[in-house]
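Please follow it with the structure open alongside.

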Amino acid sequence: MKQFQYLRAATQQSTLDAISKPGTKIIAGGTNLIDLMKRGVTAPDKLVDITHLPLKNITPTKSGLHIGALALNSTVSENGIVVQKFPLLSMALKAGASPQLRNMATVGGNMMQRTRCSYFYDTTMPCNKREPGTGCGAMGGLNRMHAIFGTRDKCIAVHPSDMCVGLAALDATVIIAGKKGERRIPFTEFHRLPGEHPDVDNTLAKDEMIIGVDIPDNNFAKNSYYLKVRDRQSYAFALVSVAAGLDISNGTIRQARLAMGGVAHKPWRLFEAEKFLVGKAVSEDSFKQAAQIAMQGAKAYEYNAFKLKLAPATITEALKHASGLV
Amino acid sequence: MENKNAHSKPESELEEKDNSRRNFLKQSAFITAVALTPAPAVKAAAMHLDEKIAEAFEKVPVKLEVNGVMHNLSVEPRATLLDILREQIDLTGTKKGCDHGQCGACTVHVDGHRVNSCLTLGVMASGKKITTIEGLAKGEELHPMQEAFLKHDGFQCGYCTPGQIMSAVACIREGHANSETEIREYMSGNICRCGAYPNIVNAIQEVKSGGQIV
């Protein structure tokens, strides 16, 4: 690992001052950043340790729940309010990584983690995300794990997070601090599609930091499910995952929230399928139709065509679990 | 169909921001590195002695309480807790497996919580209490989990065993050892290439059902 200078931030302001300088990165849990630094994928000159900032709180608000950027993944997943009011988030978190990693990883860090595309990780291979302009190794390579939605020829990597799929489905808001103050954006607008700039994962500016996320109250708690399909039963990244939340009254769906992981450069909200489900009776047939709608525009590559079948099947299955059909 | 997943920011705006950032990085990387580096390194850089720069990087003071013993150390910021434990404190029970957080061989407890020491910077663990496999036994008396691993043959080659045992103890303390399924899920961060999993699960179930405080 390349040498770097270590700074311990005492305040949010000093963090913002430090990260506005080139070659400087924030470190919190470090579970992804240290790995990337060991492999030479990234080599910052300075690391700003923010783990001493007071951003670990999980606090009820007037209209929902605030979760600080430094709250640990394990803490959030076991938090009483999260389990009771937003079980989807708890399930998504527990489906990710290992207990050890969840004890280290923070909410903000989870959002900032990079893709696990093997061509991004292998510094001897071309990768537009790691080194813009070098090409995409995955496009004509082993792309079994790769995206089927929102791709461009420059990058077909997927965002690896489970937590983010849950937060996207739950209409969360991201709170961001910069030198000009705070701004709030919908969670679904935090991560971006690769487009012409796959090296840019999200809309956070270089001199900004994540403060936390807000989740609004909802009626999905009783009918939520996170279904993750992977190569082994635990501790593996998703081939496809689905976060489903339903608001059901007398067998009729009043509202639906659906997001998928393992299929795009960002957590993939299924807005059209959600709209379709409103007013429908709880039935496997409606769920299958919603899944077909969700798959419009999907595009497979040489080794990931199986996702075109796996994804709708996973959506249907997640909805069946969420609605209590199974 | 309108794709609301697409980000609304125009590409040109991102390009401009990004190009200028990259160019600035290129131009300023050297100046920045020197400006932030202690005097001997600046001198070394001026003399084009690249190898001296690494040596001159400031070590930082780190206080670690490991298995009840306080250690005042001086470490490079890049040193992981795993390397510090093994190389500086000579506690080689904690193993380096993958060194990338994928195998769990390096599992230790930091302030009572299990973590991967290979992905933990030593400097960030400063002031915290570390427990390693060497800290579980009370003198000659093995920890119940160590006894159970012996009794149930919870290993073959033994390389993953320190990490397995540290994780197994945490698994019970966290309250995640209530069934075979739950144990398997909450032990999934510890890989055993010999495949001793059934015996590891048996060992954990015995300690759990024995009701001892672990």
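## Loop residues, strands and the interface

Asn67(B) is partly exposed, because its relative accessible area is 25%, and in this predicted model the residue lies in the loop between strand 1 (60–66) and strand 2 (69–75) of chain B. Although Asn67(B) is not a glycine, its phi is positive, at about 50°. A second residue of chain B, Asp153(B), also has a positive phi without being a glycine, with a value near 55°. Asp153(B) is found in the loop between helix 5 (144–151) and helix 6 (161–173) of chain B, and with a relative accessible area of 43% it is partly exposed. The table sets out these two residues together.

| Residue | Phi | Relative accessible area |
|---|---|---|
| Asn67(B) | phi about 50° | accessible area 25% |
| Asp153(B) | phi near 55° | accessible area 43% |

In chain A, Asn143(A) occupies the loop between helix 8 (118–121) and helix 9 (163–169). Is Asn143(A) buried or exposed? Its relative accessibility is 0%, and Asn143(A) therefore counts as buried, the cut-off for that class being under 20%. The side chain of Asn143(A) reaches the backbone oxygen of Ala138(A) at 3.0 Å. Once neighbours within four places in sequence are left aside, the residues in contact with Asn143(A) are Ala138(A), Ile156(A), Tyr301(A), Glu302(A), Tyr303(A) and Asn304(A).

Strand 5 of chain A, which covers residues 64–68, has five of its five residues buried, so the strand is largely enclosed by the rest of the structure. One pairing partner of strand 5 of chain A is strand 4 (residues 58–61) of chain A, in the antiparallel sense and over four bridges, and a hairpin of two residues joins strand 4 to strand 5. Within that pairing, Pro60(A) stands opposite Leu65(A) in strand 5 of chain A. Strand 5 of chain A is also joined by five bridges to strand 8 (residues 209–216) of chain A, again running antiparallel, and there Ile67(A) has Val213(A) in strand 8 of chain A as its bridge partner.

The remaining topic is the interface between the chains. Here 54 residues of chain A are in contact with 50 residues of chain B, and the area buried between the two chains is about 4600 Å², of which carbon and sulfur atoms give 57%. Gln3(A), Lys38(A) and Gln100(A) supply 16% of the area that chain A buries against chain B, more than any other three residues.

How many salt bridges are counted between chain A and chain B? The count is one salt bridge, and the side chains of Lys38(A) and Asp99(B) meet in a salt bridge with an N to O distance of 2.8 Å. Polar contacts across the interface number 15 residue pairs, both residues of each pair being at pLDDT 80 or more. Several elements of chain A each supply at least two residues of the side that touches chain B, among them strand 1 (5–8), helix 2 (33–38), helix 6 (99–102) and helix 10 (271–277). Helix 6 of chain A gives the most to that side, with four residues. By class, the side of chain A that touches chain B has 18 nonpolar, 16 polar and 20 charged residues.

Notes
Residues numbered from 1 in each chain as written. Chains lettered and ligands numbered in written order. Predicted model: local features only at pLDDT ≥ 70, side-chain atom pairs only at ≥ 80, totals over all residues. Heavy atoms only, no water. Contact = heavy atoms within 4.5 Å. Buried area = accessible area lost by both parts, 1.4 Å probe. Salt bridge = Lys/Arg side-chain N within 4 Å of Asp/Glu carboxyl O. Polar contact = N/O pair within 3.5 Å; in protein donor to acceptor, adjacent residues only side chain to side chain. Nonpolar A, V, L, I, M, F, W, Y, C, P; charged D, E, K, R; others polar. Buried < 20%, exposed > 50% of the residue type's maximum accessible area, 1.4 Å probe, protein only. Pairing = 2+ DSSP bridges.
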